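Thanks for making the time this morning. I would like to walk through one structure slowly, and I will begin with a definition before turning to particular parts.

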Amino acid sequence: MQKIVPFLWFDSNAEEAANFYVSVFKNGKITDIRRYGPDSPGPEGSVMSVSFELNSEEFIGLNGGPLFHFNESVSFFVNCDSQDEVDDLWAKLTADGGQESQCGWLKDKFGLSWQIVPTEMASILGDPDPTKANRAMQAMLKMKKIDLQALRDA
């Protein structure tokens, strides 16, 4: 059992979101769906929460109503092994109303923020030659989706 589990507050579409996320990430699966019972805050029989896994990491989505909304102060950082993985996740997470942002950040159609980043970017931005590192940083600041080859070329 994972000690710390992200708990995501949705208005009423936690199950839809969980199904979307498990379709985007490899090894994703729904592990539990709980429903509101009688005398509960939600309509009896409707989905209260959905537990799911993405790459063996546990998450819980709650249908808690419109009181809270996601914002950029919390995001999920995804280390990608290749440009192909960056491209694939970027396309899937920005589909159907997702929004691109800067420097590898995006919001999916549910408003949840993600950082889709090639693992090699850390070594490029941390190059021991400060001139190279700065050129790469300046290139990255102009990007939405990270272009690994452009960072290498900078």
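When I speak of a nonpolar core, I mean a set of buried Ala, Val, Leu, Ile, Met, Phe, Trp, Tyr and Cys residues that are joined through side-chain atoms within 4.5 Å, where buried stands for under 20% relative accessible area. Please keep in mind throughout that what you see is a predicted model.

With that definition in hand, the largest nonpolar core has 27 residues, and those that touch the most other members are Y21, F25, F52, L54, L93, W114 and I116. The elements giving two or more residues to this core are β1, α1, β3, α2, β5, which covers 75–80, and β8, which covers 113–118. Helix α1 supplies the largest share of this core, with seven residues. If we take Y21 as an example and leave aside residues up to four places away in sequence, its contacts are F10, F52, L54, D108, F110, L112 and W114. There is also a second, separate core of eleven residues, with A139, M140, L148 and L151 among them.

Let me move on to the sheet. Four strands form an open sheet in the order β1-β4-β3-β2, and the pairing is mixed. At the edges are β1, residues 7–10, and β2, residues 29–35, each of which pairs on one side only. On average, and ignoring direction, neighbouring strands of this sheet are turned by 20° against each other. Helix α1, residues 14–24, packs on the sheet and touches β1, β2, β3 and β4, while its direction makes about 10° with that of β3.

In which sense do β1 and β4 pair? They pair in the parallel sense, over four bridges, and here F10 stands opposite N63 in β4. Strand β3, residues 47–54, and strand β4, residues 57–63, instead pair in the antiparallel sense, over six bridges. Within β4, G61 is the bridge partner of V50, and E58 stands opposite E53. The hairpin of β3 and β4 has two residues between the strands, and in this hairpin N55 takes a positive phi near 50°.

The last topic is charged side chains.

Another salt bridge is formed by D88 with K92, where the closest N and O atoms are 3.2 Å apart. Why are these two separated by about one helical turn? The reason is that D88 and K92 are four residues apart in helix α2, which covers residues 83–94. D88 is partly exposed at a relative accessible area of 35%, and K92 is likewise partly exposed, at 32%.

Finally, the side chains of R152 and E120 meet in a salt bridge, at 2.8 Å from N to O. R152 lies in helix α5, residues 148–153, and E120 lies in helix α3, residues 120–125, so this pair ties together parts that are 32 residues apart in sequence. R152 is partly exposed, with a relative accessible area of 42%, and E120 also counts as partly exposed, at 30% relative accessibility.

How values were computed: Residues numbered from 1 in each chain as written. Predicted model: local features only at pLDDT ≥ 70, side-chain atom pairs only at ≥ 80, totals over all residues. Heavy atoms only, no water. Pairing = 2+ DSSP bridges. Axes fitted to C-alpha atoms, helices over the stretch in contact; angles between N-to-C directions. Contact = heavy atoms within 4.5 Å. Salt bridge = Lys/Arg side-chain N within 4 Å of Asp/Glu carboxyl O. Buried < 20%, exposed > 50% of the residue type's maximum accessible area, 1.4 Å probe, protein only.
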